[in-house]
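Me: I would like to go through this model by question and answer. Please begin with the terms.

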Amino acid sequence: MARAKGSSVSGPDSGDRAVDVALRLAEELFGFGSSGATPGWVRDRVRRYLEHQSYRSGLSMNEVARELIKDKAAVEQIVTSLRVGETRFYRDGAQWEAIERQLEKLFPADVELAVLSAGCSTGEEAYTMGMLLTAARRRFRVLGVDRSAEAIAVAREATYGREAARDIPPTWVERFCDEQNGRLRVGLLVRNAVEFEEYDLVKRVPQGPFHIILFKNVLLYLTTQAGEQVAMRLANELEDGGLLFSAASEVLRLRGMGLEPFRLAPTVTALRPPKRRP
């Protein structure tokens, strides 16, 4: 009797095994995964991808997973699909407010600031920093990097729906954005000082020195070893006195890797490289 389309003949746990195969390939090729401690939401999304491909092809999930061995582009598609869905301007407002308040104390007014947005996604974070520094009348350059060519293309276009801009201070919207067909485009005043490049942080990190590095939620996608290596490499690209900002939920993990905490506000902690011993 013919097998039903998309069904598996490998037992009730074959879906879990297929997910394991896909994640193992993602880790080998792109440093993605958590070596046996992958978050549940990641496994769920990979399973849905494999189920969809199983339905389309008539293969079992295990067979779809095995086919991935010969198809690096398909594995990359899985990794891209696992991007954090929410990205918007001025996300984590307390962090931006602390940077704005402490900026002159941290970095003298005559210093041209170099900023890196590592894992910049579609560019909202990098442009938020550009708006903040322009409003503060600072000289600066911002580099945003991400491994997704599609995300970088969106960042360079600099055009977004109004929902993405709901948290930007209204005066910034008026000063730094133009409206086009009901959408907002970041204006040239900011756009000219922000650049984007395609980078796989697991393989290499941009060369500094940087005064500020934004490194938020990238650790979600990396194995413990790969995440530690990327974080330390980035921290080592900081200028003396420079700061690395992560998501608040990641501070404890980064401190466990040896990075030194630096408190900017009651709820905002940045990080610095480990102190060098004489």
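Reply: A charge sits over a ring if NZ of Lys or CZ of Arg is within 6 Å of the ring centre and within 35 degrees of the ring normal. This is a predicted model, in which local features need pLDDT of at least 70, side-chain atom pairs count only at pLDDT 80 or more, and totals for chains, interfaces and linings use all residues. Residues are numbered from 1 along each chain as its sequence is written, and side-chain values use heavy atoms, with hydrogens and water left out.

Me: Which residue lies over the face of Tyr199?

Reply: The ring centre of Tyr199 is 4.0 Å from the residue in question. Over the face of Tyr199 lies Arg204.

Me: How far is the charged end of Arg272 from the ring centre of Phe262?

Reply: The charged end of Arg272 sits over the ring of Phe262. Its distance from the centre of that ring is 4.1 Å.

Me: What percentage of the residues of the protein chain count as buried?

Reply: Buried means under 20% relative accessible area, exposed over 50%, and partly exposed in between, with a 1.4 Å probe and protein chains only. The protein chain has 278 residues. The buried share is 49%.

Me: How many aromatic pairs does the structure hold?

Reply: Rings of Phe, Tyr and Trp (its six-membered ring) pair if their centres lie within 6.5 Å; planes under 30 degrees apart count as stacked, over 60 as edge-to-face and the rest as tilted. The number of such pairs in the structure is five.

Me: What is the angle between the planes of Tyr90 and Trp96?

Reply: Tyr90 and Trp96 are both buried. Their rings are stacked, 6.4 Å centre to centre. The angle between the planes is 25°.

Me: How many residues apart in sequence are the parts that Tyr90 and Trp172 tie together?

Reply: The pair of Tyr90 and Trp172 is edge-to-face, with 5.6 Å centre to centre and 85° between the planes. Helices are DSSP runs (H or I, at least four residues), numbered from the N terminus. Tyr90 lies in the loop between helix H4 (72–81) and helix H5 (93–106), and Trp172 in helix H8 (residues 170–176), so the pair ties together parts whose separation in sequence is 82 residues.

Me: What arc do the buried residues of helix H3 cover around the axis?

Reply: In helix H3 (residues 61–68), the buried residues are Met61, Asn62, Val64, Ala65 and Leu68. The arc is that of the directions from the helix axis to the C-beta atoms. These residues are on the same side of H3, because they cover an arc of only 160°.

Definitions and conventions. Helices (H or I, at least four residues) and strands (E, at least two) are DSSP runs, numbered from the N terminus.
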